[in-house]
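This report describes one protein structure for a reader who is new to the subject. Please keep the sequence and the three-dimensional view at hand while reading.

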Amino acid sequence: MNGIEPYAKTSNQTLQLILNDFTTKITFSDIAKRYGISTSRVMQIFDEKIKFVPRRPLPEVLCIDEIKFQTSSASKYICILYDFHRREIVDVIISRQMPYLREYFANINTLERNKVKIVISDMYDGYSTIISHYFKSAIHIVDMFHVIRLLTTAINILRVRTMNLMTRKKSPEYNFMKKNWKLFLCRWTKIPDRYYTYQKTGQMFHYDELLKRCIRLNPSLWSAHNTLQDLLNYQLRYTFDEALKFIERISLNLNNCESPIIIEVGRSYHKWRFEIANAFSKTQNNIRYHNGVAEIINNHIKSITKAVYGYRNFERFRKRCMLILTYAKPNKEKS
């Protein structure tokens, strides 16, 4: 029957429509307005009807990442598991802290865990420990986005320090470094083929020329920037050994800098050299494995949290994410 059950205030038909809306990117408050009921009633229906949302099976290529979740009682970072090939969420774990990760993966049988061939993550020590313990036969790949971001963050800090140490605050170099910070973090081929005009004197400098002048103000900045170009223009190496030598050379170059912040990046590269080399190595099927799918889905998750979907607890948030970003996909994709 589509009518109202005894003592119920919402018809079965309306309940079904509300349940369908739970798999779409509509806030609880918008659902409430659509059917003329209160937001608290919508959340009550969600908690009553959506009691459990199962995780997806562990995939052959597993991506691990995290996002901030301020209302989490365990920590401010929750851990997201993704399927690289299906481009969907496998599950959401309440915290990326070791006790929670150990408990979670210990409850998954060894047979299923052994099916995972590749695990992709950032350079968080906790993930490395979990992978080495629970996915012993899997290849651990450090995502190149995080490798490059580690260096670009350091370069940006060094750029600001170099700029602030300049005795001439009003100079073409100072103004250029202050206003065009993005150019210090991109490929040389992305530098605009045009001229920069210094308004105070009317002098004109080609962007390429002025950028080099600025970088050469600090030897560590120059070395780090050249290393960044090597990373940004890398090609997949044909063997693991070639990739490893490439990373070791980059690490050595950074360790020879005078700046402590750049040296620290070099040490991190050396520490994670095997996992980074896995990212550079050419696979048999010529696929470049990365956490790009995680970053894309993370943006969707962030839009969910920003839209204030009514999540006051982690479990409600997890269920809604799974419904919207995984189980709402066409069934043919799951076959």
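## A buried arginine

Setting aside residues up to four places away in sequence, arginine 318 touches Val53, Pro54, Arg55, Asp91 and Val92; contact here means heavy atoms within 4.5 Å. Arginine 318 belongs to helix α15. Its relative accessible area is 7%, so arginine 318 is buried. Buried means under 20% relative accessible area, exposed means over 50%, and partly exposed lies in between, with a 1.4 Å probe and protein chains only.

## Basis of the description

The model is predicted: local features need pLDDT of at least 70, side-chain atom pairs count only at pLDDT 80 or more, and totals for chains, interfaces and linings use all residues. Residues are numbered from 1 along each chain as its sequence is written, and side-chain values use heavy atoms, with hydrogens and water left out.

## The protein as a whole

The protein contains 16 helices and seven strands. Helices (H or I, at least four residues) and strands (E, at least two) are DSSP runs, numbered from the N terminus. Of the 335 residues in the protein, 49% are buried.

The protein exposes about 17,700 Å², and carbon and sulfur atoms supply 51% of this area. Accessible areas come from the Shrake-Rupley method with a 1.4 Å probe; for residues, only the protein chains shown count as cover. Considering contacts between residues at least 6 apart in sequence, 60% join residues at least 24 apart.

## The five-stranded sheet

In what order do the five strands of the open sheet stand? The order is β3-β2-β1-β4-β5, and the pairing is mixed. The edges are held by β3 (88-93) and β5 (139-142), each with a single partner strand, so one side of each has no neighbour in the sheet. On average, neighbouring strands of this sheet are turned by 25° against each other, direction ignored. Helix α15 (residues 314-327) packs on the sheet and touches β1, β2 and β3; the direction of α15 makes about 175° with that of β3. Axes are lines fitted to C-alpha atoms, for helices over the stretch in contact, and angles run from 0 to 180 degrees between N-to-C directions.

Strands of a sheet pair through backbone hydrogen bonds, either parallel or antiparallel. Two strands count as paired if DSSP finds at least two bridges between them. Strand β1 (residues 61-68) runs antiparallel to strand β2 (residues 77-83), and seven bridges join them. Isoleucine 67 stands opposite isoleucine 78 in β2, while lysine 68 stands opposite tyrosine 77 in β2. Strand β1 runs parallel to strand β4 (residues 118-121), with three bridges between them; leucine 62 has valine 119 in β4 as its bridge partner. Because seven of the eight residues of β1 are buried, this strand is largely enclosed by the rest of the structure.

## Helices α3 and α15

Two packed helices are described by the angle between their axes and the distance between the axes. The axes of helix α3 (residues 39-49) and α15 come within 11 Å and cross at roughly 80°. Helix α3 is therefore roughly perpendicular to α15; angles under 35 degrees count as roughly parallel, over 145 as roughly antiparallel, 65 to 115 as roughly perpendicular and the rest as oblique. Met43, Phe46 and Asp47 in α3 meet Arg316, Lys319, Arg320 and Leu323 in α15.

## Helix α7

Helix α7 (residues 144-164) has 21 residues, which should span 30 Å at 1.5 Å a residue; the end C-alpha atoms are 30 Å apart, in agreement. The expected span is 1.5 Å times one less than the number of residues.

Among the buried residues of α7 are Met144, His146, Val147, Ile148, Leu151 and Thr162. Threonine 162 has a relative accessible area of 7% and is therefore buried. Leaving aside neighbours within four places in sequence, threonine 162 is in contact with Met177, Leu217, Asn218 and Leu221.

## Two residues in loops

Arginine 87 is placed in the loop between β2 and β3. Most residues other than glycine have a negative phi, and most peptide bonds are trans. Arginine 87 is not a glycine, yet it has a positive phi of about 55°. At 44% relative accessibility, arginine 87 counts as partly exposed.

Threonine 201 lies in the loop between β6 (195-197) and β7 (204-206). At 47% relative accessibility, threonine 201 counts as partly exposed. Threonine 201 and serine 171 are 30 residues apart along the chain, and their C-alpha atoms are separated by 9.6 Å.
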